[in-house]
Amino acid sequence: MNRLSQTTLDRLGESIELPPYDRALVDVGIVHFGVGNFHRVHQAVYIDRCLRDPQARGWGICGVELIDSEANRAKAEAYLAQDRLFTVTEFAPDGSAVTHVIGAMVDYRHAPADAEAVLAIMVSPQTRIISLTITEGGYNIDETTGAFDLTSPAVAQDLAGRAPSTAFGFIVEALRRRRASGTGPFTVMSCDNLRHNGDTARLAVVSFAKALDHELAAWIDTTVTFPNSMVDRIAPQVPAAMRDELNRRSGIEDAVPAMSESFMQWVIEDRFAAGRPPLDTVGVEIRDDVVAFEFMKGRMLNACHMLLSYPGLLCGYRIVHNAMGDDRLRRLLETFLDRDVIPNLEGPQGVSLEAYKSAVLERFANPAVNDQLLRIAHDGAAKIPVFHSKTIEMLLSRDGDLRREAYFLACFERYLRGRDDKGDSFLVNEPRLTPADHALLKSHDPLALLRTSPFEKLGLADHPEFVRLYSAAVAMIDAEGASRALDHLLA
């Protein structure tokens, strides 16, 4: 097995797809915060394709890790030892797979070790995009007020004048230096899976800057661009056993391999302050109607992911494709899309919702991805209102069939107890539920879930028909289990 590095590329097997360009000629044009699995199988893959164009060699990536931990220090050492190369193995629904060596990341920095080195790269005129995959919660937006939280410890430290430790601290300090030197702005490009991600990034960055310097904040708000985008690709975690399996399959000793499905999508607005790579030539959709794609993905793909996870877990499944192998769960998703979502959703111009539905179901059933239901179920109290509220609202306003949404929330209520129909336990991770929410859930109120802080804004506890259906589903799940309740629902 060949250890991955620049000098061993010519020794890798013929089946491995290698970077077909000279990495020595690639310069950093993008600084990326958050080099996790998703970035590596999504944005880095697209940029790797762009770099095949000799005119695009100025768009290499410098990856930046913000968190100081033993694991992240080890990851930095691994990237250094591998010349910032890593493998991505893509699995198609038919079981076939192909491994790519991704060469787009030509530099990598562990920010806690040398913040000034990171700032120097960001201030360089060659750097024209700062991109982010810092997770939805990483934008530090208070869910109650919708404002950037200036009181969080890390942000407060950055505002106190210490070396930056947050993405916002680095971005604003770099922009301050660029403005002072006349270098000019860059684009801040969020690649996180949240709606209006560019607008959210703007809110966070400008709010941070305003707390330091109102004139700097005004300059950022008027000159820096924050394009909205929709990103999509399933990128499962890679535990040690899977890492070894990926390396055995490829014949490459990679300390940090990544894996994904074969499907990949990126839709982004063409708003770049200092130019962009030729993304439109490598499959990225440059469009003005990103919001329509966000709604389609959220209400179809993300909503179905959630709808599958809680009933699936209660029925005893732990892996997504195994749950999809249960014809009843697949029918639940198909019926939800056909009756509850598609008739109440206007898709992007030129996009078939039926074709998108088929693609979603095919992707979920991909056995090679081996995605975890618990990964999807995590933080459901935050995600369910985002991905299901509009469909529920439309059904309520049009006297639609509320049975599937009622069953879904009844399953979520049961999931919170951490045991499936057979009594087997699983880990429940719901950081958005407050102590008051947990106290309410432990009360004897039969509508406690509907009255918790994440769900009360939906007003479901005040809708008699929904209450009737929800209460019936809860009672049946408690008495006979989610599996029998699903049989009843489908019948």
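Helix H6 is followed by Gly182, whose phi is positive, near 80 degrees. Helices (H or I, at least four residues) and strands (E, at least two) are DSSP runs, numbered from the N terminus. The model you are looking at is predicted: local features need pLDDT of at least 70, side-chain atom pairs count only at pLDDT 80 or more, and totals for chains, interfaces and linings use all residues. Residues are numbered from 1 along each chain as its sequence is written, and side-chain values use heavy atoms, with hydrogens and water left out.

**Helix H6**

- H6 covers residues 167-181, and its 15 residues reach 21 Å from the first C-alpha to the last. That is close to the 21 Å expected at 1.5 Å a residue, where the expected span is 1.5 Å times one less than the number of residues.
- Residues of H6 that are buried include Phe168, Phe170, Ile171 and Arg178. Buried means under 20% relative accessible area, exposed over 50%, and partly exposed in between (1.4 Å probe, protein chains only).

**The three-stranded sheet**

- An open sheet of 3 strands runs in the order E9-E12-E13, with mixed pairing; two strands pair if DSSP finds at least two bridges between them.
- Strands E9 (229-232) and E13 (285-286) stand at the edges with a single partner strand each, so one side of each has no neighbour in the sheet.
- Helix H10 (residues 290-314) packs on this sheet and touches E9, E12 and E13, where contact means heavy atoms within 4.5 Å. The direction of H10 makes about 35 degrees with that of E9; axes are lines fitted to C-alpha atoms, for helices over the stretch in contact, and angles run from 0 to 180 degrees between N-to-C directions.
- E12 (residues 265-268) and E13 run parallel and are joined by 2 bridges. Ile268 has Ile286 in E13 as its bridge partner.

**Val284, in a loop**

- Val284 lies in the loop between E12 and E13, and Val284 is buried, with a relative accessible area of 4%.
- Not counting residues up to four places away in sequence, Val284 touches Tyr46, Trp266, Ile268 and Leu279.

**The nonpolar cores**

- A nonpolar core is a set of buried Ala, Val, Leu, Ile, Met, Phe, Trp, Tyr and Cys residues joined through side-chain atoms within 4.5 Å.
- The largest core has 69 residues, and Leu409 and Tyr470 touch the most other members. H10 gives this core its largest share, 13 residues.
- A second, separate core has 40 residues, among them Met122 and Phe148.
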